[in-house]
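Welcome! Have a look at the sequence and the model below, and then let us walk through them together.

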Amino acid sequence: MFEKKTEQEARTEILELVKEYCNTYHNTKEYTAGDRIPYAGRVYDEAEMVNLVDSALEFWLTSGRYTEQFEKEFAKYLGIRFCSLVNSGSSANLLAFMALTSPLLGEKRVLPGDEVITVAAGFPTTVTPILQYGAVPVFVDVTIPQYNIDVTQLEAAYSEKTKAVMIAHTLGNPFDLKAVKEFCDRHNLWLVEDNCDALGSKYLWEGEWKHTGTVGDIGTSSFYPPHHMTMGEGGAVYTDNSLLNKIIRSLRDWGRDCVCPSGRDNLCNHRFDRQYGALPLGYDHKYVYSHFGYNLKATDMQAAIGCAQLKKLAGFTEARRKNFAYLSERLKAASEKLILPEACPDSEPSWFGYLITCREGVDKNALVQYLEANGVQTRMLFAGNLTRQPCFDEMRRTGTGYRVAGELQQTDRIMRDSFWIGVYPGMTEKMLDYMAEKIMEALERV
């Protein structure tokens, strides 16, 4: 007769089988010559799968104990006070910018029509929240071969309407934080660091190595599968500012004023004894809304994967740096035809990709197509020049909605002549060698 197990015994048996399943059927294929080499990929083992199933067995589904654990451990890793887990890096950027529009910020609040300095050479969801709110992005050119904002153009981009700077650390390469932060401090501006492509990168700040995303007022991360660590979909918003954290939490959790976690009521002991706005005295604080917010939380199953990934992050970062250095050495001989990427001074990048710009006379499209035909996956620097994308057609036609400071010459060059390949931790020297060989072959042909 079947012997009934305790819940803990059953769970332990299931998780042991999950380990066996993962080790038997996942991560068993080794690279062989001719296999397609992706620009990025998930790197995981039994720990992530066990955590995922462990969370699923609880069937809590929304944010819970793994979410609390991840937020605490991720904040500790970054050396920052507050972290909020969300459902994507794009949602993280949305929350980061929307936090700056809160009435709780008084005169520093970003209002419709105010300007936000950013760049067009990047991912669109760094800019989308600015436009959707009705603020005005002011685009500044970037530099090559660092591919970050040209800080010499900041003052020319500034106006009386400027309230913030919101820019990304491109493909893991920190922008000049010293120059940008000094500019923001000089003009009393907010600084949002889009850190979605740079988790693990560090910058020498006032004699101390600090993680990118923690120098400005708010930082954001993405945990989409190609990124530095993953939980499938997912992201995070982090800050040292307690007021900004309160606003971010409110906006993430439907805009509510109450800070009690889901499933826990009246931790403050004031759920029914206060008055808010024009509501009657004693209205349930769980249903008081101080902002127009969203539900942008992640699930506990995602957080469970993140908790396991976070333990591997230091190793992932080291592998990315090693792979980047290896490719740089292999491609050094092509420097007369290709501009190879360089790190920002006073930085230790955790490279997301290896960004290459073709010199004059080298056909980028032909080079990329040769690599793709030979199994090497490539990517553009996202939007290239975002202002030339179809989503800007109406604004270009009317000449409204955004402003360009100076000319975007390098941005346009990146759009025409640049592409990148991967350096993710799952790559082996054989894979890196193959990519370098195909690039050298292509240069002989194009």
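**A guided walk through the model**

Asp433 has a relative accessible area of 18% and therefore counts as buried; here buried means under 20% relative accessible area, exposed means over 50%, and partly exposed lies in between, with a 1.4 Å probe and protein chains only. Before going further, please keep in mind that this is a predicted model, where local features need pLDDT of at least 70, side-chain atom pairs count only at pLDDT 80 or more, and totals for chains, interfaces and linings use all residues. Residues are numbered from 1 along each chain as its sequence is written, and side-chain values use heavy atoms, with hydrogens and water left out.

What does Asp433 pair with? Asp433 makes a salt bridge with Arg330, and their closest N and O atoms are 2.6 Å apart. A salt bridge here is a side-chain nitrogen of Lys or Arg within 4 Å of a carboxyl oxygen of Asp or Glu. This pair links distant parts of the chain, since Asp433 sits in helix H14 (residues 429-445) and Arg330 in helix H10 (residues 313-331), 103 residues apart. Helices (H or I, at least four residues) and strands (E, at least two) are DSSP runs, numbered from the N terminus.

Across the whole structure, a search finds 27 salt bridges. Side chains of opposite charge can pair when their charged atoms come close. Take Asp114 and Lys163, whose side chains meet in a salt bridge with an N to O distance of 2.8 Å. Asp114 belongs to the loop between helix H4 (89-99) and strand S2 (115-119), while Lys163 belongs to strand S4 (residues 162-168), so this pair ties together parts that are 49 residues apart in sequence. Both ends are buried: Asp114 has 11% relative accessibility, and Lys163 has 18%.

Asp417 is buried at 18% relative accessibility, whereas Arg413 is partly exposed at 21%. Elsewhere, salt bridges that share partners join Arg11, Asp54, Glu58 and Arg65 into one network.

Now for the nonpolar interior. A nonpolar core is a set of buried Ala, Val, Leu, Ile, Met, Phe, Trp, Tyr and Cys residues joined through side-chain atoms within 4.5 Å. The largest one has 34 residues, and those with the most contacts inside it are Ile117, Ile149, Val165 and Val180. Two or more residues each come from S2, strand S3 (136-140), helix H6 (154-157), S4, helix H7 (177-187) and S6. Which element gives the most to this core? That is H7, with four residues.

Next, the strands. Strands of a sheet pair through backbone hydrogen bonds, either parallel or antiparallel. Two strands are called paired if DSSP finds at least two bridges between them. Strand S6 (residues 202-205) and strand S7 (residues 208-211) run antiparallel and are joined by four bridges; Lys202 has His211 in S7 as its bridge partner. S6 and S7 make a hairpin with two residues between them, and Glu206 in the turn has a positive phi of about 50°.

A separate stop is the open sheet of three strands in the order S10-S12-S14, with antiparallel pairing. Strand S10 (338-339) and strand S14 (418-422) are its edges, each pairing on one side only. Five bridges join strand S12 (residues 353-358) to S14, and Ile356 has Phe419 in S14 as its bridge partner.

Finally, look at the cysteines. A disulfide is a pair of cysteine sulfur atoms within 2.5 Å, and by this rule the count is zero. For Cys184, the nearest cysteine sulfur belongs to Cys344, 15 Å away. Cys184 is buried, with a relative accessible area of 1%. Cys268 is in no disulfide either, as the nearest cysteine sulfur, that of Cys260, is 5.0 Å away. At 36% relative accessibility, Cys268 is partly exposed.
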